[in-house]
2 protein chains.
Amino acid sequence: MTIKEIAKLAGVSTATVSRVINGDLSVKKDTRANVEKIIQKTNYWPNLMARGLVKKKTNIFGLMMPRFDGWYSQRVEAILDVCSRNKYGVMIASGLAKYEEEMENLNLLAKQRVEGIIYSAARITPRHREIIAQIIERIPMVLVDQAIDELNVPAILQDNYRGAQKAMRHLLECGHRRIAFIAPPQDDIEAEKRTAAFYDAMRAEGLDVPEGHFQRGDFSIPSGSQGMERILEGGDPTPTAVFAANDNMAIGAIDCLIRRGLRVPQDVSVMGFDDIAMARHFLPALTTVHQDQVAMGTQAAELIIEYKKYKKVRLKKIILEPELIVRDSVQRLGEARG
Amino acid sequence: MTIKEIAKLAGVSTATVSRVINGDLSVKKDTRANVEKIIQKTNYWPNLMARGLVKKKTNIFGLMMPRFDGWYSQRVEAILDVCSRNKYGVMIASGLAKYEEEMENLNLLAKQRVEGIIYSAARITPRHREIIAQIIERIPMVLVDQAIDELNVPAILQDNYRGAQKAMRHLLECGHRRIAFIAPPQDDIEAEKRTAAFYDAMRAEGLDVPEGHFQRGDFSIPSGSQGMERILEGGDPTPTAVFAANDNMAIGAIDCLIRRGLRVPQDVSVMGFDDIAMARHFLPALTTVHQDQVAMGTQAAELIIEYKKYKKVRLKKIILEPELIVRDSVQRLGEARG
DNA sequence: AAAAAAAATGAAAACGATTACAAATTCTAT
DNA sequence: ATAGAATTTGTAATCGTTTTCATTTTTTTT
């Protein structure tokens, strides 16, 4: 079924059919009705490639994610929702492990002529910057989770500093003074703000952090275990609380503590960050900092649609405020419940 | 940059440029070299819509998932991997809650002229069957997780009966005789085979299942808790083991047991199904049945690519064998370790 | 060196829509 | 009834490729 056949069946020109399809109001009422009836009957749907060719539109956005796991699922669905409501398809690519591949996949998206790219980035290296700079010359992009200030690309972030600050405030309010930190990977500039908040909070209380109480992790569960291991083995006094830079590492830390016969939270409190879906179901249920994934996804999609519509965007940086979620893995110091 | 401009720069016709791009070997060596140099220099990439229009190919597959959460993440990435290696883009849609929307989104994919659809289905209703029947007249499809025997659509499944059988065998071998079952939703025909395996195994041992020891769930964590609650409240003797039809419900069940002061696995053993990523990190680490998501994704993608290539497919039903994973949540009856 | 065969190239017609612009039709006001 | 305006419709060019077929160029054979 092509527009030509519809035109023939309706006894009009293709131009008229096209007008009907596109809701042009200069078509007489009964002509329109007739054409619509035939479109209905034949189950015709315009060829989007032909249309795209002349309109120079693919009606597809590209979505680049580090991976498509549970952590991003609500974000992906929010994006999907906004896009399809605006008649955009969503084509995906994933970053996988190595960023060589990530950049290759990003280029692939660009070559597919997507009209815009929503890019959730785990980290931004100089090589990333270079390739992104090239791409945004041709294709609008919005970054999520990271920002590149020297490039003019809008970004959706959460306030990592504020979030970690809230976490630390809670730990301190619960009376903890010996607090260890399992840190994010150093090259994640955004997450590294959690580190800053940790140190600032400790300093503000006049508390010293022994070297062994600061361990790097890579956001994975095993790295949380290892970090905890080293904290305990380092020869420093055992902390009363541990702040992990994300929930996975908090889970790893708890795993390690329990294996060594320590109780959480009675012996050691553990604070997470992210509020992954499992956090509330873990035992003990994780006290953590919540990120609004739906908001991030929705805003990212709306931002790029807004850009397509008006060729510019109101805000180039949207920073969302994370929220402290108090559950069971952090306990007031010295309390003996549980 | 269009093919015309390249042609002009190279001093040849667009036909020749097109031949170079498509690796046609009837182009003289130096002509080819020259054209390629210019393509390189100008960073030209052919317009895929124009190409698609004449070749009648979009080079895009549609991927329909119930949702994009952790459970499907490896499958999605495997699909993505195979597709991009074969120069296909992947456009996504999700089923969300209501299947009205699911079907609408499926139709949307079809209208976007994807060349094939990989459809991971949570359940198949008559309405699904109807719409799928329509779609496969025009677009090849492969189903994952479910099959529709009366329609000629290839499917990738795991052997749910065998998987549940393995789980039951393990429970029985551990000496359990009072085994309760938290069942899948009734309309999931595939998962319901786990129910069959449960009853068959019990019957084979001459064991009776009191009514209260069989509770329906909906695969969610809370429904697992509720099911467990009803099993304990039903007035029947407390089971020594519980088999949950998926890991989420197993986690819910454990949650419930612990809240009521029962220890897992010392007082009650819990068997899951799926082996979600968190299963190994949960406390106690979940004994469960593993599904190979990577294999499912890879095979699904390869199947549809094979179909595109040869217009037919070797196998129309691929059934993968799940594997029992023994961890800590199931214990030999009467053992007192832990 | 000419004829025949093979190889390389180009001209032009698709593919299926949209959209200026022109042409035809209908309506309004005299 | 008719000029002029307003409304509808159609013609044909266009988007950027690929591909058939004809033509030109090169190579081989005699």
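Start with the aromatic rings: over all chains, the structure holds 16 aromatic pairs, a pair being two rings of Phe, Tyr or Trp (its six-membered ring) with centres within 6.5 Å. This is a predicted model, in which local features need pLDDT of at least 70 and side-chain atom pairs count only at pLDDT 80 or more, while totals for chains, interfaces and linings use all residues. Residues are numbered from 1 along each chain as its sequence is written, chains are lettered from A and ligands numbered from 1 in the order in which they are written, and side-chain values use heavy atoms, leaving out hydrogens and water.

Select B:Phe181 and B:Phe243. Their ring centres are 5.3 Å apart and their planes meet at 55 degrees, so the pair is tilted (planes under 30 degrees apart are stacked, over 60 edge-to-face, the rest tilted). B:Phe181 belongs to strand β6 (residues 179–183) of chain B and B:Phe243 to strand β8 (residues 241–244) of chain B, 62 residues apart; strands are DSSP runs of E, at least two residues long, and helices are runs of H or I, at least four, numbered from the N terminus. Both B:Phe181 and B:Phe243 are buried, that is, under 20% relative accessible area with a 1.4 Å probe, protein chains only.

In chain A, select A:Phe181, A:Phe198, A:Tyr199, A:Phe214 and A:Phe243, which form one aromatic cluster.

Next, select A:Lys111 with B:Trp45. The charged end of A:Lys111 sits over the ring of B:Trp45, 4.2 Å from its centre (NZ of Lys or CZ of Arg within 6 Å of the ring centre and within 35 degrees of the ring normal). B:Lys111 sits over the ring of A:Trp45 with its charged end, also 4.2 Å from the centre.

Move to DNA strand D. It is surrounded by 26 residues, the closest being A:Ser13, A:Arg19, A:Thr31, B:Ile3 and B:Ser18; a residue is near a strand if one of its heavy atoms lies within 4 Å of it. A polar backbone atom of A:Ser13 is 2.8 Å from a phosphate oxygen of DNA strand D. Helix α4(B) gives the most to the surface near DNA strand D, four residues.

Finish at DNA strand C. Which residues come nearest to DNA strand C? Of the 28 around it, they are A:Ile3, A:Ser18, A:Asn47, B:Arg19 and B:Thr31. Select B:Thr31: a polar side-chain atom there lies 2.5 Å from a phosphate oxygen of DNA strand C. The largest share of the surface near DNA strand C comes from α4(A), with five residues.

Conventions
Polar contact = N/O pair within 3.5 Å; in protein donor to acceptor, adjacent residues only side chain to side chain. Buried < 20%, exposed > 50% of the residue type's maximum accessible area, 1.4 Å probe, protein only.
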